[in-house]
Amino acid sequence: MQPQRDLIIVGAGAAGLSAALYALEAGLNTLVIEEMAAGGQALAVNELLNFPGFPNSLSGVDFSMRLEMQARNLGAEILNTSVVSLVRKSSVFILETGKGQLQSAAVILATGSKPKQLGISEEKDYIGKGVSYCAACDGPFFKHKRILVVGGGDSACDEAMYLSELSEKISLVHQGEHLKARSVLAEKVRRNPRIKLYPDTEIAGIQGQQKVQSAILKNNRTGETAEHHTDAVFVFIGSIPRSELAAGVRKDKQNRLLTNDRMETSVPGLFAAGEVRNTPFRQLVVAAGEGAVAAKSAAEYIKAKS
């Protein structure tokens, strides 16, 4: 069985597109598959401040557009479809996609992760009716309205800052005593007069007629609950790796793909980069670097087989 491509990269975020740049540079016949828009989770970043080479902040959308343009200018082919399954047969990878079957000598999984949900029973009932996981997508619908943000890390704080430009009434609920975001960002949130912090607190319920009207907040120190009126609940409490395509591949307890420092998984010819792997630091700059390493390793793997 002869593969149609040298390399197929699944996912067009920072890891996937960076991998494409280096794969093309190595002369590999490369295809990138992306089911949504190129950029991945970077699209939801309001203000990107810590990516090297950009002294002035830029939006995640702008960053994603530049990265996609750079890849396309170098000849990257991006196919917009979903991958249903991935199997290795006779040293060739077979991918069943929404646009037919594809085959390649090697695969890089750069599928990233998806937002983690609160896990309360009524959460799904209000998705699209006030519950959201993307401030850039849905924030403008709640301009000048009451907004509740859940989470204490970088994502939650960054999105709370963005939402505070749209509304004067932002409540930030986080389970710990202190914000977990990097210190500069956490300090910005604490100093923002439009954001009120609710530490040691979690959401115990969501209420409303047809749409979100309030949330039940539980104080973890006292155990007391109280109704908190809000028009929207934005959830940023972490992510779940999109590793379901990698059946039979070694994973950690969080289902992230285990790789060595060459981004090789336990399956020969299958590589992983970005938030789908057990990366110790989930940042765009790290994902881009891992994509480059994965592409170099894939090129060496393909060359050794030929």
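**A strand pairing and its sheet**

Modeller: Strand β13 (residues 214–219) pairs with β14 in the antiparallel sense, over 5 bridges; strands are DSSP runs of E of at least two residues, helices runs of H or I of at least four, numbered from the N terminus, and a pair needs at least two DSSP bridges. This is a predicted model, in which local features need pLDDT of at least 70 and side-chain atom pairs pLDDT 80 or more, while totals for chains, interfaces and linings use all residues. Residues count from 1 along each chain as its sequence is written, and side-chain values use heavy atoms, without hydrogens and water.

Within this pairing, Ile-216 has Glu-227 of β14 as its bridge partner. The open sheet has 3 strands, ordered β12-β13-β14 with antiparallel pairing. β12 (201–207) and β14 (225–229) are its edge strands, each pairing on one side only. From one strand to the next, the twist averages 30 degrees (axes fitted to C-alpha atoms, angles from 0 to 180 degrees between N-to-C directions).

α1 (14–25), α2 (60–73) and α6 (284–305) each supply at least two lining residues, and α2 gives the most, with 4.
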